[in-house]
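Here are my notes on the model you sent over. Please read them with the structure open.

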Amino acid sequence: MTELPLRAGETGLLYGQEQQWAFGAALASALPAGSVLFLEGELGAGKTTLTQGLVSALGFTEPVTSPTYALMNAYPTPTGRVLHVDAYRTRHPAELYEMDLEELIAGSRLSVIEWGEAFYSDYPDAPIVRLLHKEGEPDVRQVERVR
Ligand SMILES: Nc1ncnc2c1ncn2[C@@H]1O[C@H](COP(=O)(O)OP(=O)(O)OP(=O)(O)O)[C@@H](O)[C@H]1O
Ligand SMILES: [Mg+2]
């Protein structure tokens, strides 16, 4: 287990898809089984790209898709399942808890939750990573570890 690539409150820059991918891979190797990772970021900020890097680093090499319409995706990796949840349209956390979210998280290698503000207080140890576009630099993203 290595350290997380950013400390809480720190900000960094990711130059291109490759670095976005690598950042996801670094998160994967730093987060133990059963962990939650919260992801925030506007349209096109790189959430799926980061998740692809994370999941690939754990050994699942097929394409990762946005779970926006599925609510959650599960990727089987050799080290366990990665759960990918999009809570954007979930107005109340009960909706996902009724789908046994807690048990699913506990039984997963890692759970990536996009737009999961409603769950931040239930998972106080989970890092929150925010991705932002950088004005005038289409090939760069800013990454901030909010918590
Ligand atoms: N660090 C980066 N630098 C430059 N381009 C990037 C970077 N990260 C991702 N991209 C590119 O930005 C585009 C959008 O990325 P991605 O689909 O991962 O965003 P998203 O946050 O998942 O968007 P959505 O909200 O639509 O699901 C892709 O073409 C991707 O290759
Ligand atoms: Mg996406």
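This is a predicted model: local features need pLDDT of at least 70, side-chain atom pairs count only at pLDDT 80 or more; totals for chains, interfaces and linings use all residues.

The points below go from the overall fold to the ligand shell and then to single elements.

1. The protein chain has four helices and seven strands. Along the sequence they follow the pattern β-α-β-α-β-β-α-α-β-β-β. The radius of gyration is 14 Å, close to the 15 Å that the globule rule gives for 147 residues, so the chain is as compact as a globular protein of that length.

2. Dimensions and packing. Along the principal axes, the C-alpha atoms fill a box of roughly 45 × 35 × 30 Å. Buried residues account for 35% of the 147 residues in the protein chain. Take the contacts between residues at least 6 apart in sequence: 64% of them join residues at least 24 apart.

3. The sheet. Seven strands form an open sheet with mixed pairing. Their order is β1-β7-β6-β2-β5-β4-β3. The edge strands are β1 (residues 11–15) and β3, and each pairs on one side only. From one strand to the next, the twist averages 20 degrees. As background, strands of a sheet pair through backbone hydrogen bonds, either parallel or antiparallel.

4. One strand pair. How do β2 and β6 run, parallel or antiparallel? They run parallel, and four bridges join them. For a residue to check, take Leu 39: its bridge partner in β6 is Val 129.

5. The ligand shell. There are 17 residues around ligand 1. Gln 20, Gly 46, Lys 47, Thr 48 and Thr 49 come nearest. The elements that give two or more residues to this shell are α1 (16–30), α2 (47–57) and β7 (137–145). α1 provides the largest share, four residues. By class, the shell has four nonpolar, 10 polar and three charged residues.

6. Helix α1. Which strands does α1 lie across? They are β1, β2, β5 and β7. The helix runs at about 130 degrees to β1.

7. Helix α2. Why is α2 described as largely enclosed by the rest of the structure? The reason is burial: nine of its 11 residues are buried. They are Lys 47, Thr 48, Thr 49, Leu 50, Thr 51, Gln 52, Gly 53, Leu 54 and Val 55. Lys 47, Thr 48 and Thr 49 are also among the residues that come nearest to ligand 1. The cover over the buried residues of α2 includes α1, β2, β3 (72–77), β4 (80–86), β5 (110–114) and β6 (128–134). After α2 comes Gly 59, whose phi is positive, near 105 degrees.

8. Glu 40. Is this residue, Glu 40, buried or partly exposed? It has 18 C-beta neighbours inside 10 Å, and the buried class needs 20 or more, so Glu 40 counts as partly exposed. Glu 40 lies in strand β2 (residues 35–41). Leaving out residues up to four places away in sequence, Glu 40 touches Trp 115, Ile 128 and Arg 130. Glu 144 is 104 residues away along the chain from Glu 40, yet their C-alpha atoms are separated by 9.6 Å.

Methods
Residues are numbered from 1 along each chain as its sequence is written. Chains are lettered from A and ligands numbered from 1 in the order in which they are written. A residue is near a molecule or strand if its C-beta atom, placed from the backbone, lies within 6 Å of it. Ala, Val, Leu, Ile, Met, Phe, Trp, Tyr, Cys and Pro count as nonpolar, Asp, Glu, Lys and Arg as charged, and the others, Gly among them, as polar. The radius of gyration is taken over C-alpha atoms; the globule rule is 2.2 Å times the number of residues to the power 0.38. A residue is buried if 20 or more other C-beta atoms lie within 10 Å of its own, exposed if 12 or fewer, and partly exposed in between; C-beta atoms are placed from the backbone. Two residues are in contact if their C-beta atoms, placed from the backbone, lie within 7 Å. Two strands pair if DSSP finds at least two bridges between them. Axes are lines fitted to C-alpha atoms, for helices over the stretch in contact, and angles run from 0 to 180 degrees between N-to-C directions.
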